[in-house]
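User: Could you walk me through how to read domains and an interface in a model like this one?

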Amino acid sequence: MTTASNGTSAQLVFTTQGPFDCVTVDYLMPDLDGIELIRWITNCNAAASTVLVTARGDKKVVEQAWSAGACRFLDKPTTAADLVRVVEHAVKRCRRIRNQARLEGDVRAIASSHQTMLQSSRGREKEGVRIVHYPLHQAGGDFLVMCPASETEMLLLAADVSGHDLNAAFLSAYFQGLIRGMLRRGAKLEEILEFFNHVLLEEWNGQNEKTHTVPASIAVTALWIDSRLRNLIVAVNGNPLPILTNADGFSIGLSSPSCPLGWFPGPATRRASYRWQPGSSIRLWTDGLDDLAKRLGVDPLSICFVLQSALANGKPRPAWAESANDDIMAVAINLVNPMEPLVGLRPLLLAKFAKEEQQDIDTWQELWRRSLKLAIPDISDEGLFDILLVAREAILNALERGCKAEQSAHLQAAYDPDARSLRLIVNDPGSGYEKPLYVARPAENLGTVHRGLQLIDALARQVQIIRHGAEMWIDFDVNLADTNPEGSSR
Amino acid sequence: MEHRIQHDVLYVAIRQDVLSTGVRDLFDKLHALQKDPQVQQSSWRTLELDLTGTKMIDAMGLNFIVQILKLAKERDAKAKILIQDKNLDRLLRFTRMNEHAEVVCA
């Protein structure tokens with residue numbers, strides 16, 4: 001403890017002998033008054049607590065002192081007991097603020113380390129891998145590891161640790177280290193995931209059971225990419241399924257999912273193998289993007305498309321992505337020629353519709369509309385109308401004629417922004433039709449005929465009928481709102 | 001769907017999209033309209049179908065429009081379709097509905 005006889009010497013003491021936890025200040029002093037000194041101290045060090053001691057405890061002085069940053073008041077005359085009580089409280093406050101500042105500094109340091117680890121993966125962007133990562137907090141649990149396993153093989157592992165706190169960041173760093181170490185020792189994908197599960201269950205959550213803390217789990221998407229054999233091994237634990245898209249825009253969801261690691265003992269993962277064709281690419285994301293898609297009422301692929309496009313074009317994060325409630329990570333990988341950027345048809349929609357849910361077609365259509373508007377905000381009204389009407393007719397046709405009870409039809413959309421071309425692909429498990437289902441001029445005699453296929457044929461640029469109509473590839477030229485010529489979008 | 005007869009015009013208005021999901025209800029209303037004695041006995045000579053509140057018509061919706069137009073055809077009356085949406089204008093023209101009704105885009 002030290003004292004000063006006036007405001008000016010208090011400033012000197014504060015500057016040369018600090019930091020101080022608490023400063024008690026008289027209101028009336030010979031040079032500068034107590035309010036001015038408190039303001040000066042608050043500006044110098046906001047954590048230091050100041051107590052104003054005054055015999056003039058009127059409302060105006062109290063207001064000025066609050067506004068200058070005082071944390072307590074003492075009326076003169078005061079007792080030693082009151083002084084001790086107030087000073088103790090002020091010291092506690094100061095130490096709490098300092099601790100908090102120290103913690104925030106630690107979080108920033110962890111966040112910086114987290115970003116450094118991600119940057120090592122981001123360096124792969126020139127190799128055909130684009131990573132969008134919008135963490136919700138400075139330090140969080142999403143992480144991505146890309147490690148070469150041989151000259152032609154690479155492991156890509158995108159993970160989401162439960163929680164968004166420092167514990168999640170710590171777990172994330174711990175497992176990133178584990179993966180890198182195991183890969184260097186020649187471990188295979190299954191071994192890594194089984195070991196994760198074991199560590200989480202036996203070591204991490206086992207200890208947590210004793211301390212009654214919340215158990216941890218990790219959602220993982222793992223891809224083992226062999227560019228020589230064009231082979232792909234996929235394992236998904238708790239994350240949304242990754243999507244493989246061919247050069248012609250045809251997409252499939254990869255793998256059969258298992259639950260997140262850290263939930264149950266035993267075989268942790270189901271792996272699936274795929275052969276990929278030239279021009280293929282993969283998109284994967286963590287569940288923060290799925291949550292955002294649900295809130296926006298759009299297909300997650302359309303969000304993925306927008307975020308990836310923004311990244312490729314150096315644009316900032318879209319405003320609607322700011323409202324995410326979770327970390328967002330979206331990765332796109334050019335499988336074929338890693339040195340080339342992603343081009344061609346990119347998926348916007350991929351959905352399965354059950355025959356029994358046909359009455360929900362209006363709700364589905366609204367989701368398609370929102371997804372297309374999100375991905376192609378400047379699409380003309382005419383173009384959007386045509387695509388939606390055709391998608392509706394095609395999926396209704398597939399459900400009506402191609403699906404038996406409990407079967408489903410699939411709709412997907414892919415868009416090439418350079419060619420401004422959009423492809424719808426609709427398929428069903430049926431065997432197609434023996435003869436065309438529509439006549440060329442359906443309204444000729446005001447007959448009630450099957451107009452759905454006629455609409456599709458009339459509104460699209462091109463329709464390819466595959467498997468006798470059980471699959472249709474429907475192409476559109478996408479006119480933008482300001483360049484749309486009058487009349488049809490055909 | 002609402003209707004009224006004014007002078008020699010049967011006016012039918014649909015204030016919604018004409019889609020597969022709502023067309024069954026519309027067909028029921030159309031059947032009721034066909035059986036309405038006033039509609040049967042009145043000497044209306046023009047059928048005016050007001051679709052100015054409609055933004056989309058799908059294939060089943062088009063079949064419903066065909067049924068309404070047949071109502072006019074049966075008594076050799078004129079048919080007129082009022083729309084506001086340009087996309088519907090395109091739709092009605094390339095499906096050649098305009099050969100059976102005058103399409104008026106407001």
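Analyst: Gladly! Domain bounds come from an automatic or database domain assignment. For chain A that assignment gives domain 1 (7-102), domain 2 (124-343) and domain 3 (347-477). Taken over C-alpha atoms, the centres of domain 1 and domain 2 of chain A are 52 Å apart. This is a predicted model, in which local features need pLDDT of at least 70 and side-chain atom pairs count only at pLDDT 80 or more, while totals for chains, interfaces and linings use all residues. Residues are numbered from 1 along each chain as written, chains are lettered from A, and side-chain values use heavy atoms, without hydrogens and water.

User: How much area is buried between chain A and chain B?

Analyst: Interface size is often given as the accessible area lost when the parts come together. Here, with a 1.4 Å probe and summing over both parts, the figure is about 2200 Å², with 61% from carbon and sulfur atoms. Counting contacts (heavy atoms within 4.5 Å), 30 residues of chain A meet 25 of chain B.

User: How many salt bridges does the rule find across the interface of chain A and chain B?

Analyst: A salt bridge needs a side-chain nitrogen of Lys or Arg within 4 Å of a carboxyl oxygen of Asp or Glu. The rule finds 2 across this interface; one of them joins the side chains of A:D386 and B:R90, at 2.7 Å, N to O.

User: Which helix of chain A supplies the largest share of the side that touches chain B?

Analyst: Helices are DSSP runs (H or I, at least four residues), numbered from the N terminus. α9 (361-375), α10 (381-402) and α11 (452-459) of chain A each supply at least two residues of that side, and α10(A) gives the largest share, 9 residues.

How values were computed
Buried area = accessible area lost by both parts, 1.4 Å probe.
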